[in-house]
Amino acid sequence: CRDRHYKFNVVLKNISRLCGTKPIVTVNKQFPGPTLYAREGDRVLVKVVNHVKYNLSIHWHGIRQLRTGWADGPAYITQCPIQPGQSYVYNFTLTGQRGTLWWHAHILWLRATVHGAIVILPKLGVPYPFPKPHNEAVVILGEWWKSDVEAVINEALKSGLAPNVSDAHTINGHPGPLTKCSSKSPAQGGFTLQVEAGKTYMLRVINAALNEELFFKVAGHELTVVEVDATYTKPFKTSSVLIAPGQTTNILLKADQGSGKYLMAASTFMDSPIAIDNATATAMVHYSGTLGTSAVTLTKPPPKNATRVANNFTASLRSLNSKKYPAKVPLKIDHSLFFTVGLGINPCSTCSNGSRVVAAINNVSFVMPTTALLQAHYFNISGVFTTDFPGNPPIKFNYTGTPKNLQTMTGTRLYRLAYNSTVQLVLQDTGVITPENHPVHLHGFNFFVVGKGLGNFNSNKDSKNFNLVDPVERNTVGVPSGGWTAIRFRADNPGVWFMHCHLEVHTTWGLKMAFVVNNGKGPKESLLPPPSDLPTC
Ligand code: C2O
């Protein structure tokens, strides 16, 4: 094991897309940002220097951060932001994890352009549990707005209405070769994967989009899923991969077509009536020896509202659960929680609309504190948060019917867990306003997805069908529109851990809360003291 040092200079850079140029916030002038490479067991030290006018923080999405919550990154949750002109060294060790994760800004909407891949290789000499691919590539899916992204959300917050959707989807930062940005000009550039016939490639696919769940396809090729969220899965073949913001999926692509050019495509999974198809992002698979002028084999995206394709995909995900990589599903449960997730409408005297769209968990719209919660917890500062987050919905809903009460409560309420206690959490979509698939992300833990269904969760009936043998293990899971998802995890990581919808607009509206996990008995069960350069508020 060794130390990996990185320096992230956060700077503005002019980027041209869709026939226009605008300055965006980047890391080291790269968009998407640099890939962070390390091996399981390594210590990673990233010095982040803030050269822009925004407050900043960076989250290492999916990294467990065992006892190092100070390096997790969500602003005002585990740290105060890095102010303009300041820097902070994120220092953490990669314990028991290998695979594809990613990093992104965790403040305002900066993650639209401040993001990149994390590739954790297995320990030296440890093979993948599948044949070693000939080569591999990072494939980051994203979104592009023609206007300034911070202006988009600020406008929305002023009016109280929903923000504008993006103008294009992107693959590795580009809308792709098939996108026309005006009637005359083709879009600039795009990603090409060069392949040799007969060889197998591993794509490390990351959905970094702010607000869009996406399908990923490659024309003429079947894809084999081998890993999600840096946990190995039982390999399975599919033509479309469903991937929600926050999630990562490793796919094997066998170049079995001999020659030619084939399109890669990322298109919207539209299960929400307000989602707008802002075009399919494309990239190219190019067999070596194929002439540049030869025709491209196109792919048809799954139909809109392709709920059946989506459900088949998620139902096929199973953890590998081998001798070497056992699924340690908690069987005895200490905390049985039931959280509703959904939207609401609250009065707003300062909004031009007179009311504003909000989002909530158990009818509580989370209010961001002005001091970091982890500091308040560690130093026992009172008045920053309460620990009375409801373990069950305070209002009785027919979760899939028309709601009687659209108004939510507000508060900085946390739920307290004892060290090493076990949690079962059922997340139920309330279908308030519009039913939408909510990709819920939990910081600090992986969890097992033990069940999923449509309609209202029925504890007696549905818990009998839970998969406690080989459920998929991940850090971000879709709660189906008008349905529920049940997860289990062990609270073996002391600190304050954020949980939120990874659709950025829903996070902004309040679909978030945090767990506080107490220290255990020994020093190995306790949070480490804060680093000396931890930013202050
Ligand atoms: Cu990738 Cu709290 O987020």
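**Loops, sheet and core of the predicted chain**

K29 is found in the loop between β2 and β3. Strands here are DSSP runs of E with at least two residues, and helices are runs of H or I with at least four, numbered from the N terminus. The model is predicted: local features need pLDDT of at least 70, side-chain atom pairs count only at pLDDT 80 or more, and totals for chains, interfaces and linings use all residues. Residues are numbered from 1 along each chain as its sequence is written.

Phi of K29 is positive, near 60°, and K29 is not a glycine. K29 is partly exposed, with 13 other C-beta atoms within 10 Å. A residue counts as buried if 20 or more other C-beta atoms lie within 10 Å of its own, as exposed if 12 or fewer do, and as partly exposed in between; C-beta atoms are placed from the backbone. L18 also has a positive phi, about 50°. It sits in the loop between β1 (3-17) and β2. L18 is buried, with 21 other C-beta atoms within 10 Å. A cis peptide bond joins F31 and P32, with omega about -10°. P32 lies in the loop between β2 (20-27) and β3 (36-39). Most residues other than glycine have a negative phi, and most peptide bonds are trans.

The chain holds 5 helices and 33 strands. Its radius of gyration, taken over C-alpha atoms, is 22 Å, close to the 24 Å that the globule rule gives for 537 residues, so the chain is as compact as a globular protein of that length. The rule is 2.2 Å times the number of residues to the power 0.38. Buried residues make up 50% of the chain.

An open sheet of 6 strands runs in the order β10-β9-β12-β17-β14-β15, with mixed pairing. β10 (168-171) and β15 (231-238) stand at the edges, each with a single partner strand, so one side of each has no neighbour in the sheet. Two strands pair if DSSP finds at least two bridges between them. Strands β14 (residues 223-228) and β17 (residues 248-254) pair in the antiparallel sense over 5 bridges. T224 stands opposite L252 in β17.

The largest nonpolar core has 143 residues, of which L141, V241 and A514 touch the most other members. Such a core is a set of buried Ala, Val, Leu, Ile, Met, Phe, Trp, Tyr and Cys residues joined through C-beta atoms within 7 Å.
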